[in-house]
Amino acid sequence: MMSFPIPGLGRFREDGTIAWTPSGVLPDVTKMPLPAYDLWEGNYSKGALAVQSISGKSVDAAERTTGSLFTARGCPYGCFFCADARTKLREESLEQIEAEVKALAEMGVTALRVWDDTITIKEKRCKEMADIFHYHGMLWRGWSRVNLMNPGLFRYLEKRGCTEMGFGV
């Protein structure tokens, strides 16, 4: 039988079941360096935050340069469609987030796609991140879960530049 030393790799056995190699140790995101955004050769796209709600409210950010950002990895929930289901939540520090947003702003980015699985999982942290984004003039979008829906938090986020919140279903 062949050995598959790649951490987290799955393969089908002859009987149709899946064999997984053990996952490696996940890095401590608070010790990771700032991403090398300046090495992105494709530049940043425009128009990624032009949205319209069912109530008719619209945001046209077609001329804004959009960058992407992860502030956390993992999610404790068990959605069957998600690759991060039931994984340890590992969050960057607010200082790291501030440095990343500042670096993107200095490169002309004025809109963000925040790719965290559940940006609203911790309300206080979410508000603090929204304050950072707002301070740097960013419009932004994020992802969450329906069971974490909080109208008061969403009003706060809207005032801090959140144009869209996507939900897994």
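Is D131 buried, partly exposed or exposed? Select D131 and look: D131 is partly exposed, with a relative accessible area of 32%. Keep in mind that this is a predicted model.

**Stop 1: from D131 to R160**

D131 and R160 form a salt bridge, and their closest N and O atoms are 3.0 Å apart. D131 belongs to helix α2, while R160 lies in the loop between α3 (151-159) and β11 (162-168), so this pair ties together parts that are 29 residues apart in sequence.

**Stop 2: the ring of Y156**

Stay with R160 and show Y156. R160 lies over the face of Y156, at 3.9 Å from the ring centre. Now show K127. K127 also lies over the face of Y156, at 5.0 Å from the ring centre. For its own surface, K127 counts as partly exposed, at 26% relative accessibility.

**Stop 3**

E123 is partly exposed, at 35% relative accessibility.

**Stop 4: helix α2 as a whole**

Colour the buried residues next. They are R125, C126, M129, A130, I132 and F133. Turn the view to look down the axis of α2: these buried residues fall within an arc of 155°, so they line one face of the helix.

Finish at the end of the helix. G137 follows α2, and its phi is positive, near 75°.

**Stop 5**

Select K122 and E91. Their side chains meet in a salt bridge of 3.1 Å, N to O. E91 lies in strand β8 (residues 90-91) and K122 in the loop between β9 and α2, so the pair ties together parts that are 31 residues apart in sequence. K122 is partly exposed, with a relative accessible area of 40%.

E91, K122 and R125 are linked in a network of salt bridges.

How many salt bridges does the structure hold? The count is 8.

**Stop 5: two tryptophans**

Switch to the aromatic side chains. The count comes to 3 aromatic pairs. One of them joins W115 and W143. Select both and view the rings side on: the pair is stacked, at 6.3 Å centre to centre with 20° between the planes.

Where do the two partners lie? W115 is in the loop between β9 (111-114) and α2 (123-135), and W143 is in strand β10 (residues 139-145), so the pair ties together parts that are 28 residues apart in sequence. W115 counts as partly exposed, at 34% relative accessibility. W143 is partly exposed too, with a relative accessible area of 34%.

Definitions and conventions: Residues numbered from 1 in each chain as written. Predicted model: local features only at pLDDT ≥ 70, side-chain atom pairs only at ≥ 80, totals over all residues. Heavy atoms only, no water. Phe/Tyr/Trp six-rings, centres within 6.5 Å; stacked < 30°, edge-to-face > 60°. Helix = DSSP H or I, 4+ residues; strand = E, 2+ residues; numbered from the N terminus. Buried < 20%, exposed > 50% of the residue type's maximum accessible area, 1.4 Å probe, protein only. Lys NZ or Arg CZ within 6 Å of the ring centre and 35° of its normal. Salt bridge = Lys/Arg side-chain N within 4 Å of Asp/Glu carboxyl O. Arc of directions from axis to C-beta.
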